[in-house]
Amino acid sequence: SGALSGVVTRAVISPFDVVKIRFQLQHTPIAKRQGGLGLVKSVVLLARDEGLSAFWKGHTASQLLSIVYGAVVFGVFEQITSGAWLLLPNQYHVPSAKPVIRWVVTTYQCQWGFNFVCGGVAGCVASVVSMPLDTLRT
């Protein structure tokens with residue numbers, strides 16, 4: 001379901017992404033041009049000059065980018081998180097002599113920091129791995 005929602009989302013967002021990239025690739029910023037193209041005028045001209053399929057140019061590369069990024073983030077996050085838990089001092093592991101409630105509270109206080117750091121590292125790794133696909137997309 002996660003992959004399907006990603007595919008549908010990317011298909012819906014693709015036209016907006018194409019228009020955004022076209023604006024980014026302009027040589028002269030829109031605000032500095034006389035009679036610059038607004039968003040609506042740009043969309044109309046793109047549809048008229050290149051057809052409706054122009055809004056999904058680069059869609060295959062975008063889909064591939066989303067799939068690769070998601071797979072790498074998930075895999076790296078899981079590996080880093082499980083490795084990080086092994087590096088914790090013994091006081092954060094399930095102790096046999098201490099009450100479980102104390103362990104749950106201590107683990108919860110520690111877990112958000114691990115998830116934050118591991119998620120950041122996983123996002124960085126996924127960005128580096130999927131960068132060639134992002135270049136193809138533009």
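D17 and K20 sit 3 residues apart in helix α1 (residues 2-24), so about one helical turn separates them. Helices here are DSSP runs of H or I with at least four residues, while strands are runs of E with at least two, and both are numbered from the N terminus. The model is a predicted one, so to speak of local features a pLDDT of at least 70 is needed, side-chain atom pairs count only at pLDDT 80 or more, and totals for chains, interfaces and linings use all residues. Residues are numbered from 1 along each chain as its sequence is written, and side-chain values rest on heavy atoms, with hydrogens and water left out.

The side chains of D17 and K20 meet in a salt bridge, at 3.2 Å from N to O. The term covers a side-chain nitrogen of Lys or Arg within 4 Å of a carboxyl oxygen of Asp or Glu. As a general point, side chains of opposite charge can pair when their charged atoms come close. D17 also has a salt bridge with R10, where the closest N and O atoms are 3.5 Å apart. Put together, R10, D17 and K20 are linked in a network of salt bridges. The R10 and D17 side chains make a polar contact as well, again at 3.5 Å. A polar contact is a pair of N or O atoms within 3.5 Å; within protein, one must be able to donate a hydrogen and the other to accept it, and residues adjacent in sequence count only if both atoms are side-chain atoms.

How exposed are the members of this network? A residue is called buried under 20% relative accessible area, exposed over 50%, and partly exposed in between, using a 1.4 Å probe and protein chains only. On that scale D17 is buried, at 12%, and R10 is buried too, at 17%. K20, in turn, is partly exposed, with 37% relative accessibility.

The count of salt bridges comes to 5. Another one of them joins the side chains of D49 and R48, at 3.2 Å from N to O. Here D49 is exposed, at 53%, and R48 is exposed as well, at 61%.

Next come the rings. The count is 1 aromatic pair, and F55 and W56 form it edge-to-face, with 6.4 Å from centre to centre and 80° between the planes. For such a pair, the rings of Phe, Tyr and Trp (its six-membered ring) must have their centres within 6.5 Å; planes under 30 degrees apart count as stacked, over 60 as edge-to-face and the rest as tilted. F55 is buried, at 7% relative accessible area, whereas W56 is partly exposed, at 39%.

Helix α4 (residues 100-137) is where S127 is found. S127 is partly exposed, with a relative accessible area of 32%. Although S127 and V72 are 55 residues apart in sequence, their C-alpha atoms are 8.9 Å apart in space.

W112 belongs to helix α4 too, and is exposed at 62%.
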